[in-house]
Amino acid sequence: MAYNGDHIINGSDLMLFVDGKSVAYATSHSLDITNETADTSNKDTGGRWTSAKVTRTSWTVSTENLYALQGEGQTFNDLFELLQKEVQIVFCLESGYKNKPVTGVPSGGWTQINSPKYSGEAIITSLSVSAPDADNATFSAEFTGIGPLTTASTAGTFASTSK
């Protein structure tokens, strides 16, 4: 079967939602999942190659955005108000991604697709604004997961399996 690329997701369709609302004027989002490991190398593993086991799993989400005072999603000021609180993070496709309007964000903001999506509780660990001369002001935010990251597509959880 020839591969034509129809199954590749356009980055514009992946969205970050914070407490149920998309982040306004987003230009980029990232989801990073990391496993910490413990060295389990020993004389019985062959001597040349190391071995390891997963001890902890962590995750972070980051977002880059144009800075605006208001929008159809979470703005810098909205995230600032959430800075000292735990928030619900969802990283997923926007629900209308197959038929996205060319006129821009719908009134009320983007909505989430049911599956697949990655979600969990997080705290905002970084929030910054950049104001370059004669260019668009931008802001970025980083969220650190404070528990498991779950996925709706498999009803699974990315969590440590160490004992």
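Predicted model: local features only at pLDDT ≥ 70, side-chain atom pairs only at ≥ 80, totals over all residues.
1. The protein has a mean pLDDT of 83, and 81% of its residues reach 70 or more. One stretch to read with this in mind is residues 154–163, where the pLDDT is below 50. Beyond near neighbours in sequence, residues 154–163 have 20 contacts in the model.

2. Where does His29 lie? His29 is part of strand E3, which covers residues 26–39. His29 has a relative accessibility of 17% and therefore counts as buried, the cut-off for buried being under 20%.

3. Two polar links involve the side chain of His29. With the side chain of Thr63, the His29 side chain forms a polar contact of 3.0 Å. The His29 side chain also reaches the backbone nitrogen of Leu16, at 3.4 Å.

4. The largest pocket has a volume of about 360 Å³. Its lining is made of 18 residues, and those closest to the pocket centre are Ser12, Met15, Tyr25, Ala26 and Trp110.

5. Which elements give two or more residues to the lining of the largest pocket? They are strand E1 (14–18) and E3. E3 gives the most, with four residues. By class, the lining has nine nonpolar, seven polar and two charged residues.

Methods
Residues numbered from 1 in each chain as written. Heavy atoms only, no water. Buried < 20%, exposed > 50% of the residue type's maximum accessible area, 1.4 Å probe, protein only. Polar contact = N/O pair within 3.5 Å; in protein donor to acceptor, adjacent residues only side chain to side chain. pLDDT = per-residue confidence, 0-100. Contact = heavy atoms within 4.5 Å. 1 Å grid on protein atoms, 1.4 Å probe; cavity = no way out; pocket = protein on both sides within 12 Å on 5 of 7 lines; lining within 4 Å. Points joined across faces, edges and corners; volume = space filled by probe spheres on them. Nonpolar A, V, L, I, M, F, W, Y, C, P; charged D, E, K, R; others polar.
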